[in-house]
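Hi everyone, thanks for coming. Let's take a look at the structure together before I start talking about it.

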Amino acid sequence: MAAGTLLTTLIQKQWPHEAVLISDEPLPPYQRPPLSKDYLAGKTARESLYLRPHSMYENAGHRLRLGERVERIDRVNKTVELSDQSTLGYDRLVLATGARVRRLNAPGADLEGIHYLRDIADTDALRSQLSPGQRLVIVGGGYIGLEVAAIAVKGGLKVTVLEAAGRVMQRVTGPEISAFFLAKHRDAGEEVRLDTSVIGFEADDDGHVAGVAVADGSTVPVDVVLVAVGITPETALAESAGLPCDDGILVDEYVRSGDPAILAIGDCTRHRNVFFEQPQRMESVANAVDQARTAAATLMGDDKPYDAVPWFWSNQYDVRLQMVGLSKDHDERVVRGNPRDGAFAVFYMREGHLVAVDAVNLPIAFMVGKKLVYQHRDVDAEALSDPDIELKSLV
């Protein structure tokens, strides 16, 4: 997503030089969010995921080298070595290596029928094994796990979610949102087990996964497993080239790495932003797109610092969750609306100003909240919670 947006933006800005996009995937740049949503459900064709047709890049004078991998960066000679033994020179290099899924290190973790979800091939493989009546166990109660759970239940599967933490989506949201989604999934017929750690997998006589062993000594019978326990930034290439990395490739507000000739964008980066006291790593489409646009400006010599407000979203059943800002360091939460009505928002405050908003089926709260977070405004907590006060009036 980051690489495709960068190349598209350079085309729009009439970048006067040739750009070469190298990817070890065989497909042109595509959207990843539908992989755990409509594409998994079979509602979206593969071609509709592509950001642009393959021909558009080439017609603009650029090249896509698909199914190839960069093995080494030579910063002294400004070249990259590819998996086919060829070498390419560069004037400027952009790393958009993304992230890789976290894999479970547990007995039986390599059994047939255990899936991870990161690219189109992963979704195709998982979808081919999902049939009505089957038992699906999802390890991890974050965005991906819960989105897949909702799709699977609608498809007639029996779903069990195993979450090691005490709340679903605990890493990214507050207890009110977690409680709402836990109830939503359980009401739909899922078994959701919290504070439950997976310690291994059991096989049938054919070497296919048949059970998930958990720390309390029990085993959950299963036909298919999805492990969705997060991602880690793909920094190996950058590290081998000697670029500064710390849970991501370190970049400045212009997405420049420690080498002025090398930029980095997307999930692989840890970046500076006016909204953070410390560099942060963002796992989101919005960040990938915004960093790509910043990179395009930097390459064009039109330096514009990256100052976008982080935002995220998730679709689960009939619920649209929209999130803006980072809530982890808040000191006060304000709820607007009633979760029982299916539409409400949680505003996260720190020292009197708004730092984040989580909106459930309440887009106005997300839109107003995004402006207030960007403005770094002090906001009256009572006004946020009072349904008789229009949110727009607070901007």
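**A helix and the core around it**

So, let's begin with helix α4: its buried residues pack against α3 (120–127), β9, β10, α5, β15 and β20 (311–316). Keep in mind that this is a predicted model.

Which residues of α4 are buried? They are G145, L146, E147, V148, A149, A150, A152 and V153. As for its length, α4 has 12 residues, and at 1.5 Å a residue they should span 16 Å; the end C-alpha atoms are 17 Å apart, so that agrees. After α4 comes G156, with a positive phi near 90 degrees.

Now the core. The largest nonpolar core has 38 residues, and the ones touching the most other members are L136, I138, V148, V159, I177, F181 and V360. Elements giving two or more residues to this core include β9 (135–139), α4 (143–154), β10 (158–162) and α5 (175–187). Which element gives the most? That's α4, with 6 residues. As a general point, nonpolar side chains in soluble globular proteins tend to be buried together.

Let's zoom in on L136. Leaving out residues up to four places away in sequence, L136 touches V148 and A152, and among its other contacts are V159, V224 and L226. There's also another core lying apart from the largest one, with 21 residues, among them V334, F347, A365 and A383.

Last stop: R135, in strand β9.

Methods: Residues numbered from 1 in each chain as written. Predicted model: local features only at pLDDT ≥ 70, side-chain atom pairs only at ≥ 80, totals over all residues. Heavy atoms only, no water. Core = buried A, V, L, I, M, F, W, Y, C linked by side-chain atoms within 4.5 Å. Buried < 20%, exposed > 50% of the residue type's maximum accessible area, 1.4 Å probe, protein only. Helix = DSSP H or I, 4+ residues; strand = E, 2+ residues; numbered from the N terminus. Contact = heavy atoms within 4.5 Å. Expected span 1.5 Å × (residues − 1).
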